[in-house]
Amino acid sequence: MAELKLTRVLPAYYKEILPLTEKYLKRAVDVSRGRYDMPTLIREILAGHQQLWVVFDKESGDIALAFTTYFAKYPLRMNLSVGFIGSDDETMTKEDYLKLMPELMEWAKLYGCSGIESVGRKAWGRIFKELGFEETFTTVEGEV
């Protein structure tokens, strides 16, 4: 298991870091069913509508994972929503995700969030179950 470092990329570094994260984020964008393309996601990040996060492998300095978050505001609460997430598929393990989540949860609390949410594959529900996450909705779609 690699030693990993979760980093929220500050806006001043977006233009430098974004090109290094595109291959990870593109994998998630490609399965968004036409909701996003990379230019749209990049515009949202640069405009401050989504935050960019990177997980570095401390030993190699390589990016192991990139993801975005945004504040999902509801009438009675606000959640930190994970928008797009992609990894190199070789470094990240279930245990790595579990170790990184408490730091993300603390950041969400600091910014007034009541919870963390994400729409994604069912596997995420299984990964984070031991941290108290539960599958609350399933998205089913069809084209018209």
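**Rings and their neighbours**

Trp53, Phe67, Phe71, Trp107 and Tyr111 are linked into a cluster by ring pairs. Before going further, please note that this is a predicted model, in which local features need pLDDT of at least 70, side-chain atom pairs count only at pLDDT 80 or more, and totals for chains, interfaces and linings use all residues. Residues are numbered from 1 along each chain as its sequence is written, and side-chain values use heavy atoms, with hydrogens and water left out.

A pair of aromatic rings is described by the distance of the centres and the angle of the planes. Here, rings of Phe, Tyr and Trp (its six-membered ring) pair if their centres lie within 6.5 Å; planes under 30 degrees apart count as stacked, over 60 as edge-to-face and the rest as tilted. Searching the whole structure in this way gives 6 aromatic pairs.

Take Tyr36 and Phe84: their ring centres are 4.8 Å apart and their planes meet at 75°, so this pair is edge-to-face. Because Tyr36 lies in the loop between α1 (14-29) and α2 (38-46) and Phe84 in strand β4 (residues 78-87), the pair ties together parts that are 48 residues apart in sequence. Helices (H or I, at least four residues) and strands (E, at least two) are DSSP runs, numbered from the N terminus. Tyr36 is partly exposed at 25% relative accessibility, while Phe84 is buried at 7%. Buried means under 20% relative accessible area, exposed over 50%, and partly exposed in between (1.4 Å probe, protein chains only).

Now look at Phe71 and Trp107, whose ring centres are 5.9 Å apart with planes at 15°, so the pair is stacked. Phe71 belongs to strand β3 (residues 63-73) and Trp107 to helix α3 (residues 94-110), so parts 36 residues apart in sequence are tied together. Phe71 is partly exposed, at 26% relative accessible area, and Trp107 is buried, at 13%.

Next comes Gln50, in the loop between α2 and β2 (51-57). Gln50 is buried, with a relative accessible area of 2%. What does its side chain make polar contacts with? One partner is the side chain of Glu44, at 2.8 Å, and another is that of Thr68, at 2.6 Å. A polar contact is a pair of N or O atoms within 3.5 Å; within protein, one must be able to donate a hydrogen and the other to accept it, and residues adjacent in sequence count only if both atoms are side-chain atoms. Not counting residues up to four places away in sequence, Gln50 also touches residues including Tyr36 and Phe84, where contact means heavy atoms within 4.5 Å.
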